[in-house]
Amino acid sequence: MSTRPTIRPARPPAAAHWPWQRDVDWLLVGSALALGLIGMLLVWSATASRDDLTGGDPTAYLVKQGTNVLLALGFGAVMAATDRRWIRLWAPVVYGAAVVGLVLVFVPGVGAVVNGSRSWLQVGGLSFQPAELAKLGVVLVMALLFAERTEGAMRRTVRSSDILLVLSCAAVPAVLILAQPDLGTLMVMVAIVLGVLAVAGVRLSWLAGLVAVGIAAIFAAVAVGLIEEYQILRFEAFTNPELDPRGAGYNTVQARIAIGNGGVWGQGLFDGTQTQAGFVPEQHTDFVFTVAGEELGLLGAGLVVVLLGVLVWRCLRIAQRADDLFDRLAAAGIACWFGFQAFQNVGMSLGIMPVTGVPLPFVSYGGTAMFASAMAVGLLVAIGRRSPAPAVVVRSRSARSR
């Protein structure tokens, strides 16, 4: 009789169908929730004294953002409890819905122009930004296409035809976003695409070629007038805000002043001079990090950065542990999404990145961005719960009796 030990996979816990069980990555969920709660306070402080925004109700945006957080928890929980097969089946639907939404923003009477960009859908009193859903849709469809074409053909290598198909699907929403124009979201989309391609095993020559094509496309877009003049001025002001401190460089100058006022300890919540006077434009959305810097100081702003770092770290950890190609690529794409978007938002507040309208994940005011990000975290929870369990070594009777 053989005395070799038998290796059996550990049994998953019974009824493992809900996201609150012990195999949930609570560091991931906790960091996202903490960012959401901090964001509620920062949005409240940035709007409490702004009667032009609140209509005289200092708690108006606190209630709105609190509602967004609660709804986002629901979206995230539903996604976390969804079976992997359903997520893969619904990936084309999410992608298709995002593309349809991006097309509808150009329909008169449906699309709305905000801050020079036609990127919003207005339905009654509700507004929706399809570009935020497009980030999740691109992540899902890229992961699905790579998984289906490599796993279905029983091969590990990525072919040129696979890359071209994936890039074609990613290019559709990217072109529509460029036409709005929304350069900030387009930059995030490029980061997602490059990240997924790299994790999928695409050769470095392909990635270098894509970067070169992207740079050429930017120059071409400027030459034919697809890029608005105010966006070009923002990039020029990024190199030297003093060129136009009252115009294109105004946001960067005021953001730096606000963060510099905070020092180490901050001026106190609701007591920031720049924040309460309303000197920083769009402070509850694009420049919400300046509220943390001025009123909570280096320690408070540092806490926000640490929580964002934990969020990205857990995304990468889940991608590393995933044994399924779809799961690994989806987790890696979300990590690139959160990581680059956080860097871009914080960077433009510090003056090390050009000013583009991208929200700080889970912190900036807004419903669409919050919902899409929460769904992405829910997907990560579902992927993490499907990671392979450690093997259990069971010795045979003859071996135990020796």
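Good morning. The structure before you is a predicted model, in which local features need pLDDT of at least 70 and side-chain atom pairs count only at pLDDT 80 or more, while totals for chains, interfaces and linings use all residues. Residues are numbered from 1 along each chain as its sequence is written, and side-chain values use heavy atoms, with hydrogens and water left out.

I begin with the chain as a whole. Its secondary structure comes to 15 helices and five strands; these are DSSP runs numbered from the N terminus, with helices (H or I) of at least four residues and strands (E) of at least two. Of the 402 residues, 49% are buried. Buried means under 20% relative accessible area, exposed means over 50%, and partly exposed lies in between, with a 1.4 Å probe and protein chains only. The chain exposes about 19200 Å², and carbon and sulfur atoms supply 66% of that area, computed by the Shrake-Rupley method with a 1.4 Å probe.

Let us turn to contacts, meaning heavy atoms within 4.5 Å. Among contacts with a separation of 6 or more, 72% join residues 24 or more positions apart. Glycine 195 and alanine 335 are 140 residues apart in sequence, yet their C-alpha atoms are 8.6 Å apart in space. Glycine 195 is buried, because its relative accessible area is 11%.

Next, the cysteines. How many disulfides does the structure hold? It holds zero, a disulfide being a pair of cysteine sulfur atoms within 2.5 Å. Cysteine 315 is buried at 0% relative accessibility, whereas cysteine 336, at 24%, is partly exposed.

The largest cavity has a volume of about 50 Å³, that is, the space filled by probe spheres set on the points. Its lining residues, each with an atom within 4 Å of a point, include Gln341, Phe362 and Met370. Helix H14 (residues 368-385) gives the most to this lining, with three residues.

Thank you for your attention.

Conventions. 1 Å grid on protein atoms, 1.4 Å probe; cavity = no way out; pocket = protein on both sides within 12 Å on 5 of 7 lines; lining within 4 Å.
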